[in-house]
Amino acid sequence: MKLPKFLSGNMVFKITSLNAIVISIRLIVSIFVQRLLAITVGEAGIASIGQVRNAIAMLTSTSTLGMFSGIVKYVAELKDDKPELTKLFSTATVFVILGSLVSSLVLFFGSSYFSNYLFKSNEFSYVFKLLAAIVPFIAINRTINGIVSGLSDYKKYAKIELISYLLAIAVLLVGLYYSNMDGVIVAIALAPIIQLIVLGFVFGKTLKNYMKFKDLKFGFSYKNHLLAFTLMSFVSSFLLNYVEINIRTTVANNINVNEAGYWTAITFISKNYMVFATGLFSLYVIPKFANIHDKIEFKNEVLNIYKTILPIFGLGMILVYLFRNLIIEIVYPNFIGMEPLFKWQLLGDFIRLCALVLAHQFLAKRLVKSFVITEIISLILFFVLTKVFIQYYDTEGVVIAHFVRFVIYFIIVIIVVWSYFNKQNKLT
C-alpha cells in the first residue's frame, strides 16, 4: 500500500518514522534493563543512577562549552562552503580543548565533594576521577554528533543511536553482573566512549569529506557565534540538570529516598519517549528554521511539524497512561508509588513538545536573549512550584509543577516568537 503524497514526501515523517523504529527497539531493550535494575538496586539505586545521568548531561554541556546547537546551525548553513567549515571546526577545536581541560580538572580535584553532594558518601569519588579522564571523549562525541545533525543525515544518526545504545546496554549488564551498583555507574560513565567508537565507524568517511584535520588551526573566527550558544546551553542543559539533582535530593530529604526513586523512574520513562522528538529537533527543526525568514512560511512549517508528530505522540501517551499499571508491573516491579505520577508527567510532556518546536526558533536564529529569558523563567517556575506543591501533594507535586511550568512556558514562547516576526516585518 502506497503512502499518501503528504506523507511520502514529508521529511518530518521520514525522520519520525525512522526514529520510531529506533525508539521502539530501545524501548523494548530498556524495559528489560530497567526491570532488572529495579529488582537489583531498588528505588534508592534508581535515584542514584538518576544523579549520575544528570551529572554526565552537565558534562556534555561544559566539556564542549555548550556549542552543540551552534555546530548544528552553522554546519546546516555552511555545508557547501568548505573554507568556512574549516574556520568553524577550528574554533570548535579550541572550545573542546578548553571545555574538556577545565571540566576534567574540576572533576578530578573535586571528586570527593561531588561524591558527597550527590550520594551523601565519599565512596563514589572514584567515579568522578574516571569521568575526569573520559571528559575529552564526551566532548568529541558531542561535537561530531552536532555535525551529523547539521548535515541532517538522519539515517546514519539512527544507526549510530541504535548501535551505540545496544553496546552501552551490554556493558551496563556486564557491570551489573560483576559489580552490582558500582558496575552500573562505571558503565554509564563509559557510554560516551562507546558512542564515539560507533561514530567513527559509521560516520568516519563522511566526516573526512567535511573536516580536513590537517587544515584545522587554533582559530577564533567563530568565537562570538558559538559563545552565544555557550550561554544558551548553560541555561538549558547545565542548569536544568542541576535543578533536577536538587529536586531529587529535596524529595529524598523531605519525604524519603524511595519517593526520589519513583520520580526518577517516571523521568526515565519520559526521557525514553522524548528521545523520539530530540532527534527530530536537531536533524530537522534547527536546520529548517535556520533558513526560514518569513512569518507565514514559519507558521506553515510549524503546523506541518505539529500535524505530523502530535497525533503520533498523543496516541502513544494515551496508551502509556492507559497501561500505566502494566508498565509499572513489567518495568518497575513494586514501584507502586509511581502510579499517581503518570497523568501529570504525560500532560506536561505533551505541552512541552508543542513548546519546544517553537522554542527551537531561538536556537536556529541565535536569539540569545529570548532563549535565556524563557529558559530561566521555565527553570525558576519548575524549582519554585516544586517547592510549593511538594508541601501539599508530596512527590506528585513535582509532576504537577512540571505540567504547570510547561503550560506557562508554552504561552510565553508563543508570545516571544510572534513578537520576533512582527519586529522583523517592521524592519523589512
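**A buried threonine and its helix**

Modeller: T250 has a relative accessibility of 11%, so T250 counts as buried. Please note that this is a predicted model.

Biologist: In which helix is T250 found?
Modeller: T250 belongs to helix 8, which covers residues 223–254.

Biologist: And which residues does T250 touch, leaving aside those up to four places away in sequence?
Modeller: T250 touches I255, K387 and I390.

Biologist: How do the axes of helix 8 and helix 13 cross?
Modeller: Helix 13 spans residues 368–393, and the two axes come within 9 Å and cross at roughly 5 degrees. An angle under 35 degrees counts as roughly parallel, and helix 8 and helix 13 are therefore roughly parallel to each other.

Biologist: Which residues make that contact?
Modeller: From helix 8 they include L231, V235, L239, V243 and T250, and from helix 13 they include F371, I376, F382, K387 and I390.

Biologist: How does the contact divide by class?
Modeller: The contact of helix 8 with helix 13 has 17 nonpolar, four polar and two charged residues.

Biologist: Changing topic, which residues of helix 5 are buried?
Modeller: In helix 5, residues 111–119, the buried residues are S111, S115, L118 and F119. They cover an arc of only 80 degrees around the axis, which puts them on the same side of helix 5.

Biologist: Why would residues a few places apart point the same way?
Modeller: An α-helix has 3.6 residues a turn, so residues three or four places apart point the same way.

Biologist: What comes just after helix 5?
Modeller: There, K120 takes a positive phi of about 55 degrees.

Technical notes: Residues are numbered from 1 along each chain as its sequence is written. This is a predicted model: local features need pLDDT of at least 70, side-chain atom pairs count only at pLDDT 80 or more; totals for chains, interfaces and linings use all residues. Side-chain values use heavy atoms; hydrogens and water are left out. Buried means under 20% relative accessible area, exposed over 50%, partly exposed in between (1.4 Å probe, protein chains only). Helices (H or I, at least four residues) and strands (E, at least two) are DSSP runs, numbered from the N terminus. The arc is that of the directions from the helix axis to the C-beta atoms. Contact means heavy atoms within 4.5 Å. Axes are lines fitted to C-alpha atoms, for helices over the stretch in contact, and angles run from 0 to 180 degrees between N-to-C directions. Angles under 35 degrees count as roughly parallel, over 145 as roughly antiparallel, 65 to 115 as roughly perpendicular and the rest as oblique. Ala, Val, Leu, Ile, Met, Phe, Trp, Tyr, Cys and Pro count as nonpolar, Asp, Glu, Lys and Arg as charged, and the others, Gly among them, as polar.
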